[in-house]
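Thanks for making time this morning.

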Amino acid sequence: MGDGAPLAVQSAFQTALARNKITVQLPVAVPASRLGAGYIQMVQSAGAAPVTYLVAESDQSGSAYVVSGSLLAEYQILGGPSGSLGFPASDASAGGTQLFQNGALAGNPVEVVTGPILAKWALLGYETGTAGAPTAASAAFSTFGANSGVWQAFANGAIYAATVGPKSGSTSFVAGAILTAYTTNGGPGGALGMPLGDAFTTAAVTQQNFEGGSISYSNGASSAQVQVAPRAPSVVAAPASISAGSQALLAISGFPNGDAVTVSVTGEPPFTVTAANGAYSWNMFIPLSAASGSLSISAADANGASAS
């Protein structure tokens, strides 16, 4: 077991198999091999109905882990240790979740969970926690507040993570009656925009706030109530102060969906954009040769809505 790998890796492979109570067919048909920054070996269990396992250890880990079954099938589709997930970072949990260097595999059918969604899911307790197991792949969203990101459905709710825009880095979990009302009202692409935090309960009323309003329900209520706030056009620069040689995210937000908005930026000719979700964003690079100064941004539509 582990032939072809250093003695320390051979020992780690044997430990991983013993930890998972796996007895392999001997001699092992395929030796261990070097792959990227680690070692792998495919083995089969002993017995009348052999099962295929992948044993792998990254150079950074010091421990080997076993991947099998539907997790292994999806892992191989994604390129195995050479793919986007990298080497395994744990064995599979009793609930069927396995962690990798760059994400996790979980659910039935198996789905990939990565990035800020994975971080939030971990805080919620993975598949045995509040959210449950993933039920779909992640998907992109954008909002009228010039935020965009990814969201993913889980057995008991959905996680939304902003990756670009004023709320970049924000992750929230939406569930139950609030999620039902949120989805009915268009989700992050609708009038409510993205969630601004998790739900909270005060005096028997559970509420969750969004860019464009809030959703709430009282204990025992059969449905949640949606409160949509009027949109207010705005201009955002993030960060507000930057150095020469760097770039800033500029955005207009809060306009009616599909609105034609004329944007003016200091030193540039005006240009007109279509605010598909009521927002439009772009990156502006500040040359190293730029002198210190202030940048003015204004936006207006033909109906008199404006911001600066």
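Which residues lie nearest the centre of the largest pocket? Please keep in mind that this is a predicted model. The residues nearest that centre are Ile242, Ile286, Gly293, Ser294 and Leu295, and they belong to a lining of 21 residues. Sorted by class, this lining has 13 nonpolar, 7 polar and 1 charged residues, and the volume of the pocket is about 520 Å³.

Let us turn now to a sheet. Strands of a sheet pair through backbone hydrogen bonds, either parallel or antiparallel. Here 4 strands, in the order S1-S2-S3-S4, form an open sheet with antiparallel pairing. Strand S1, residues 33–34, and strand S4, residues 65–68, stand at the edges with a single partner strand each, so one side of each has no neighbour in the sheet. Between S1 and strand S2, which covers residues 38–44, there are 2 bridges, and Ser33 stands opposite Ile40 in S2. Helix H1, residues 7–19, packs on this sheet and touches S2, strand S3 (52–58) and S4, with its direction at about 135 degrees to that of S3. Helix H2, residues 69–77, also packs on the sheet, touching S2, S3 and S4, and its direction makes about 90 degrees with that of S4.

My last topic is the aromatic rings. A search of the whole structure gives 9 aromatic pairs. In one of them, the ring centres of Trp121 and Phe154 are 5.5 Å apart and the planes are at 35 degrees, so this pair is tilted. Because Trp121 lies in helix H3 (residues 115–123) and Phe154 in strand S9 (residues 148–154), the pair ties together parts that are 33 residues apart in sequence.

Definitions and conventions
Residues numbered from 1 in each chain as written. Predicted model: local features only at pLDDT ≥ 70, side-chain atom pairs only at ≥ 80, totals over all residues. Heavy atoms only, no water. 1 Å grid on protein atoms, 1.4 Å probe; cavity = no way out; pocket = protein on both sides within 12 Å on 5 of 7 lines; lining within 4 Å. Points joined across faces, edges and corners; volume = space filled by probe spheres on them. Nonpolar A, V, L, I, M, F, W, Y, C, P; charged D, E, K, R; others polar. Pairing = 2+ DSSP bridges. Contact = heavy atoms within 4.5 Å. Axes fitted to C-alpha atoms, helices over the stretch in contact; angles between N-to-C directions. Phe/Tyr/Trp six-rings, centres within 6.5 Å; stacked < 30°, edge-to-face > 60°.
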